[in-house]
Amino acid sequence: MIVSVLQENLAKSLNTVTKAVDSNPPLPVLANVLLETEDSRLKLSATNLEMSISVWIGAKVEQAGSITLPAKTFSELVNNLSRERVDLRLDASTHTVHVRCGIQSSNVRGIDADEFPPINHNEGADLYLEGKTLREMIVQTAFAAAREQNRPILTGVYMQLEGNVLTMAAADGYRLAVRTAELEENFGERQDMVIPAKAMSEIARIAEDDQEVGISLPKQRNSVTVFMPNILISSQLLEGRFPDFASIIPRSYATSTVMYTSDLLTVCQRAEIFARDNANSANLHVKPALNPGEPAEVLIVGKSAERGDSEGMLDASAEGEPLDISFNIKYLIEVLRVVKEERVVFQSNGPENPGVLRPENREDFTHVIMPMSK
């Protein structure tokens, strides 16, 4: 293999594909990136057997070939090269690639490409979305997925197509995030799948706002493929039944409060400094106005028996019953960071019931947080 590429293109593509490389893979070759020529392009691929990423970049190919190189070593080397042409020349007898960029040269030893597991991306997209919409939907749900493997199905993002509505949801047993979007095409009866949150987060990281992104729906293979310009990302689906999250979302409320998103986030961040010592538990106090036209009183309190406390008052409007409820303040902070609207609505049926947070004047994003005992 003899091929030449631009350093910035090679560095960017390596940064993309290496996200599919685990730190402690079960096989040595899975710590490598596969390089193979395809016509006048260089294809780079990586996989951890659950998620696979392939990227194509323009190249001058003098001699076709393929090799796998250690992902970390090769990526660090390329990122430290000057922004010039990079020449790669493979010595097939020793599985060594000679890397030259300007007056700098290095040799990187790899593993034969035949030992790399086959990467099978699905063919053809069934669903198309704007990159901006897809990114927002993932960002506003994936953060709520479980980190632990106690219930593997909860480590994924649930994706449902029904008619012309796409729904994404994630939950970890203590919170639930749901986001919907209307599509131009009608897909008829309900289709659903659960995609690992890690794979979804990588898709959101790579997708660009002005791109059209294609998604293949699972057919014979239990996997999904996302199509972007010169990039394919495939992921195995999680097996199991995702909880019936619709039944968790309250339909009526005793207290409804409207607050400025940035103000609420700031006050929660201050409260969290002290709430860390109390299992991240902080209190939300809502006192609706006694008379029309008067402001409501909203107070966020975080306390530490050893380090002190923080009390933050907010400008807000509120209707209904007074409320005194405890939440994991980190969960509130995480959802507020993905809300782009100026104001949010918080609603609750009392201290023993889940709270619901939504952007004001929007019905396509709902976040449910379970209360904590005082």
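Buried means under 20% relative accessible area, exposed over 50%, and partly exposed in between, computed with a 1.4 Å probe on protein chains only. With that in hand, here are some notes on this predicted model, in which local features need pLDDT of at least 70, side-chain atom pairs count only at pLDDT 80 or more, and totals for chains, interfaces and linings use all residues. Residues are numbered from 1 along each chain as its sequence is written, and side-chain values use heavy atoms, with hydrogens and water left out.

1. **Lys132.** By that definition Lys132 is partly exposed, because its relative accessible area is 43%. Lys132 lies in helix α3, residues 131–139; helices here are DSSP runs of H or I with at least four residues, strands are runs of E with at least two, and both are numbered from the N terminus. Leaving aside residues up to four places away in sequence, Lys132 touches Glu208 and Asp209, where contact means heavy atoms within 4.5 Å. As for Lys303, 171 residues apart from Lys132 along the chain, the two C-alpha atoms are separated by 39 Å.

2. **The chain as a whole.** The secondary structure comes to six helices and 25 strands. Along its principal axes, the C-alpha trace spans about 80 × 55 × 35 Å. Of the 374 residues in the chain, 52% are buried. Among contacts with a separation of 6 or more, 68% come from residues 24 or more positions apart.

3. **The eight-stranded sheet.** Eight strands make an open sheet with antiparallel pairing, in the order β6-β2-β3-β4-β17-β16-β15-β10. At the edges stand β6 and β10 (127–130), each with a single partner strand, so one side of each is left without a neighbour in the sheet. On average, neighbouring strands of this sheet are turned by 20° against each other, direction ignored. Two strands count as paired if DSSP finds at least two bridges between them.

4. **Pairings to look at.** For β10 and β15, the antiparallel pairing runs over four bridges, with Leu127 partnered by Ile215 in β15. β15 also pairs with β16 (residues 223–228), in the antiparallel sense and over two bridges; there, Gly214 stands opposite Phe227 in β16.

5. **Helices on the sheet.** Helix α1 lies across β2, β3 (41–47) and β4 (51–58), running at about 170° to β4. Helix α3 packs on the sheet as well, touching β10 and β15 (212–215), and its direction makes about 90° with that of β10. For these angles, axes are lines fitted to C-alpha atoms, for helices over the stretch in contact, and the angles run from 0 to 180 degrees between N-to-C directions.

6. **The buried face of α2.** In helix α2 (residues 71–79), the buried residues are Ala71, Phe74, Ser75 and Val78. Seen down the axis of α2, they fall within an arc of 100°, so they line one face of the helix; the arc is that of the directions from the helix axis to the C-beta atoms. Their cover includes α1 (7–17), β2 (32–38), β6 (66–70), β7 (85–91), β8 (96–101) and β9 (104–109).

7. **Where α1 meets α2.** The axes of α1 and α2 come within 9 Å and cross at roughly 145°. In this contact, Gln7, Leu10, Ala11 and Leu14 of α1 meet Phe74, Ser75, Val78 and Asn79 of α2. Ser75 is worth a click: its relative accessible area is 12%, so it is buried. Ser75 touches Leu14 and Thr18, not counting residues up to four places away in sequence.

8. Helix α4 (residues 197–206) is mostly covered, with seven of its ten residues buried: Ala197, Ala199, Met200, Glu202, Ile203, Ala204 and Ile206. Gln211 is found in the loop between α4 and β15. This residue is buried too, because its relative accessible area is 15%. Beyond residues up to four places away in sequence, Gln211 touches Leu129, Glu130, Gly131, Met228 and Pro229.
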